Amino acid sequence: MSIAVGLLLEQTLWAGVAALGFAVLFNVPVRTLLACALSGAIAYAVRTILVETNLLTVEAATLLAATAVSFLGVIFGRRWRVPALIFVVPGVIPLVPGALAFRTMIDILMLTANPVNVSDTLLAAVAVNSIKTLLIVGALAGGVAVPSLLLRRHRPMT
Amino acid sequence: MSVSQPPQTKPIQAKRSQTGAAKSPLDRETLAEIVDLALRAGQLLMENGAESQRVEVTVRSVGTGLGCDWGDVLVSHNAIVVSHISGREFRTKIRRVSRGGVNMSLIEQISHLTHRIEEGKFDRAQVRAELERISNYPRHYNRWLTVVAVGLACAAFSRLFSGDWLTFGVTLISAAVAMFVRQELTLRNFNSLLGVVASALVAGSMVAVIYLLTEFSRQVGLALAASVLLLVPGVPFINAVEDLIKGYTVVGLARGATSALIILAIALGLLIAMQLIGISRL
């Protein structure tokens, strides 16, 4: 395996801290706080391992990681007797492609700064990065919805 | 969900009850009170970051748990409509819903309350008292703890984006100050988009000032991006996609539009700050 285990562990720790901070912002019950941090750490670790071992692209890995964390949330939810979304929402926060999204957004605004002589590299960067951001964010949110689609089915209402 | 045979009096409506025994129809005053309680529960959920399906199921369950035969619920992005039905009688009401933040504990408490109502453990007066208690329940974490936690979370993101320790410190301070500004603006009832632009501008300016004073590193773009992550509309966006997938298309589109506007507002605030520093790329 080509990934440095030490770096992976450190990044996993920071992902847990990020999830913890957002869990506080979202006012989760105190007894679920550490499980929220754990969810975030696991989500990030799963994605990083899948990407670094060249098994999946970052978009597909995000979908898988978000799905995994959502099922974990269902298990945690039964354990602590709370709705699964308490663990899932802070848990997927570390997967949000924040830096990429803002770089893209700023680049889009930069396109208009020099409209006569638009750089091809900038244009290509905007196109690729905006599609990538959308795919990652869509995969993230789609993955979150998977457990409730599979587990909470209702017959059509009459 | 167990749906028993329709009652003889009203063959169209599916009737839901644990025992399967026929309930005596409720009078109009009782129905009006139940509709009010159900809408209050739904309103609290929507204003604190719940997705549409949870709102619909909760509003219906409060009604059926308190003795109605059925409830039809329409969830819009800024209002809830419900018709609760008992025998041949029904009552319909609209409740407007305003935008709010995210409060997972409140969602948890409403979910718990709904389960108890479904088990028939609460009467209407108890439900009213419970809803009142839940809506006034203080947050678990005071605002200073939240400021520090959010600052730390954004700083952790700067490490995930492979920032160094100096960037970590700068992000920690800038994001914490931005969070404080956001709280202050929310308390003063400013338009939420304006609040986002202002908070992003403050975060960006903090990074800019530290950068100009110390020339801290070449990772200034990274510090800028990480210190506004607290403003990213994560919950509205996840809810938007979930609503779209589950058939609440119009609500999903509305939430998606809101999320997109918030992202643009962040970018605008950042852009102004970047012009101040004089850098053009993150």
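Select chain A: among its contacts between residues at least 6 apart in sequence, 67% join residues at least 24 apart. Two residues are in contact if their C-beta atoms, placed from the backbone, lie within 7 Å. This is a predicted model, in which local features need pLDDT of at least 70, side-chain atom pairs count only at pLDDT 80 or more, and totals for chains, interfaces and linings use all residues. Residues are numbered from 1 along each chain as its sequence is written, and chains are lettered from A and ligands numbered from 1 in the order in which they are written.

Stay on chain A and colour by secondary structure. Chain A has 6 helices and 0 strands; helices (H or I, at least four residues) and strands (E, at least two) are DSSP runs, numbered from the N terminus. The C-alpha trace of chain A spans about 60 × 55 × 30 Å along its principal axes.

The contact between the chains takes 40 residues from chain A and 40 residues from chain B. On the chain A side, select α1 (5-25), α4 (85-92), α5 (98-111) and α6 (120-151), the elements that give two or more residues to it. Which element gives the most to the side of chain A that touches chain B? That is α1(A), with 10 residues.
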